[in-house]
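Have the sequence and the 3D view ready as you read.

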Amino acid sequence: VLLNIFDNDITLLIYTGIFSALIGLWIICNKGIINLVSDNRILNMWIEYFTLYVAPMPIILYIYKLRKGEHKFLFFPLRILLVCNVLLIAVTLVLHFVNILHFPVILTAYHMLILFTVSFFIFSNSGPLIFLLSISLSLI
C-alpha cells in the first residue's frame, strides 16, 4: 500500500539508487579496489564490464517514468533504447561466454549506443533536467 501511495517518488529514487550503486561498483572494480575483497580477477573484470553495460538502463527508466504523462512521442523511442540496451547486454554476454568476442571488444558498440542515447535526449527537447542527465551519462 505504501508503494502505491508514493509510487512515482519511490520508483524514481529506486532508479537513482540502482544507477548510483552500479556506477559505484564499476568505479570500485575499475580502480582495482575490489581486489582487496576478491582475488578472482576474472570475476572482477566481469563485474566491471557488466555494471558498465547495465548502468544506462536505470537512467532510461528514470526518464521514461519522469516524462510518462508529458511527452507521448518519447515513449516509443525510449522503449527502443531500452530494448537495444538489453539486446546489447544479452549479445555481449553470449559472445563473451562462447569465447567469440570479449567484453573490451564490444565496448565500442556500447559507446555508440550511449552516444545515440545522449543525442536523443539532447535533441528531443525534453527539458533541462533530461539535458543534465544526458550530459552525466555521456561523461560516464
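Helices here are DSSP runs of H or I with at least four residues, numbered from the N terminus. Keep in mind that this is a predicted model.

**Helix 5 and its end**

Just after helix 5 comes asparagine 99, which takes a positive phi of about 70°. How far apart are the end C-alpha atoms of helix 5? Helix 5 covers residues 75-97, and at 1.5 Å a residue its 23 residues should span 33 Å; the end C-alpha atoms are 33 Å apart, so the two values agree. Several residues of helix 5 are buried, among them Phe75, Leu78, Leu81 and Asn85. Further along helix 5, Leu88, Ile89, Thr92 and His96 are buried too.

Helix 4 runs over residues 56-66 and is mostly covered, with eight of its 11 residues buried. Those buried residues are Pro56, Met57, Pro58, Ile59, Ile60, Tyr62, Ile63 and Lys65.

How do helix 3 and helix 4 pack? Helix 3 (residues 41-54) meets helix 4 at an angle of about 20°, and their axes are 5 Å apart. Angles under 35 degrees count as roughly parallel, so helix 3 is roughly parallel to helix 4. In this contact, Leu52, Tyr53 and Val54 of helix 3 meet Pro56, Met57 and Pro58 of helix 4. The residues of the contact divide into six nonpolar, no polar and no charged.

**Aromatic pairs**

A pair of aromatic rings is described by the distance of the centres and the angle of the planes. The structure holds six aromatic pairs, and two of them are set out here.

| Pair | Centre to centre | Between the planes | Type |
|---|---|---|---|
| Tryptophan 46 and phenylalanine 97 | 6.4 Å | 40° | tilted |
| Tyrosine 49 and tyrosine 53 | 6.3 Å | 40° | tilted |

Tryptophan 46 has a relative accessible area of 25%, so it is partly exposed. Phenylalanine 97 has a relative accessible area of 56%, so it is exposed.

Tyrosine 49 and tyrosine 53 both lie in helix 3, four residues apart, which is about one turn of the helix. Are these two tyrosines buried or exposed? Tyrosine 49 counts as buried at 15% relative accessibility, and tyrosine 53 is buried with a relative accessible area of 1%. Ring pairs also link Tyr49 and Tyr53 with Phe103 and Tyr110 into a cluster.

Notes: Residues numbered from 1 in each chain as written. Predicted model: local features only at pLDDT ≥ 70, side-chain atom pairs only at ≥ 80, totals over all residues. Heavy atoms only, no water. Buried < 20%, exposed > 50% of the residue type's maximum accessible area, 1.4 Å probe, protein only. Helix = DSSP H or I, 4+ residues; strand = E, 2+ residues; numbered from the N terminus. Expected span 1.5 Å × (residues − 1). Axes fitted to C-alpha atoms, helices over the stretch in contact; angles between N-to-C directions. Parallel < 35°, antiparallel > 145°, perpendicular 65-115°, else oblique. Contact = heavy atoms within 4.5 Å. Nonpolar A, V, L, I, M, F, W, Y, C, P; charged D, E, K, R; others polar. Phe/Tyr/Trp six-rings, centres within 6.5 Å; stacked < 30°, edge-to-face > 60°.
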